[in-house]
Amino acid sequence: MPPVDVLASQLKPGRGWDEFLSDEFRQPYMEQLARFLADEEASGKVLFPPGNLCFNALNSTPLNEVSVVILGQDPYHGPGQAHGLCFSVRPDVPAPPSLVNIFKEIESDLGIAPPDHGCLQPWAEQGILLLNSVLTVEQGNAGAHQGKGWEVFTDKVIETINRQRENVVFLLWGGYARKKGKHIDRQRHLVLEGPHPSPLSAYRGFFGCRHFSKANQWLEAQGQRPVNWALPSKTELLARYC
């Protein structure tokens, strides 16, 4: 099977994405990307997340259920961290600093205590698309897969949401996310922008942005269900998913 077909097979049918994204797998850039990924693995390099999870964000959040989009940049490049959702790690991995700051802002904004883990899978399953711009990375080599084609694909994902959905909240944290979301139609969607939650920039305005309550207030005003930003405990999560 050609590498691009192997890659395409990881995008599950029935979530609504394939109708708008299937043509991307016939584009030269995607064929080149798939060959690059296959060659990297054949040379013995370890890629994250595992191939069956590179489209976890799309597979976990059907197009017609997307109510909030959070944009990230690259998957985590440490062993056992990345599982295909931006900012999220597996339940048994400590929450990285940016995610810790996200939880701090949620606590300040909504009074929800931080969970004892960093897995955001329950968010994804209630309509929050946790989309990285680049969907794979080499172990220990941050940004190794930038400029290989993933950015074109995820631009198409954002374009699809922008055109096919209405009243979606986009949370764009940091200059990279703001640039990637610059073509979102502000008449159809709510775009909330702010500094990145990393320790280097969180104190420049991420803390106190109240994006989580603002998102819920706007969703409710549009007659939509607000997000439950609280996460189950690690014990509950492991029982549910493992």
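1. In this note a residue is called buried under 20% relative accessible area, exposed over 50%, and partly exposed in between, with a 1.4 Å probe and protein chains only. The structure is a predicted model, in which local features need pLDDT of at least 70 and side-chain atom pairs count only at pLDDT 80 or more, while totals for chains, interfaces and linings use all residues. Residues are numbered from 1 along each chain as its sequence is written, and side-chain values use heavy atoms, with hydrogens and water left out.

2. A salt bridge is taken here as a side-chain nitrogen of Lys or Arg within 4 Å of a carboxyl oxygen of Asp or Glu, and by this rule the model has 8 salt bridges.

3. One of them joins R26 to D23, whose closest N and O atoms lie 2.3 Å apart. R26 is exposed, at a relative accessible area of 56%, whereas D23 is partly exposed at 42%.

4. A salt bridge also links K156 with E159, at 3.8 Å from N to O. These two residues are 3 apart in helix 7 (residues 150–164), and therefore about one helical turn separates them; helices here are DSSP runs of H or I with at least four residues, numbered from the N terminus. E159 is partly exposed at 30% relative accessibility, and K156 is likewise partly exposed, at 22%.

5. R186 and E193 form a further salt bridge, with 2.8 Å between the closest N and O atoms. Both partners are partly exposed, E193 at 39% and R186 at 37%.

6. Finally, a network of salt bridges connects E40, K45 and E138.
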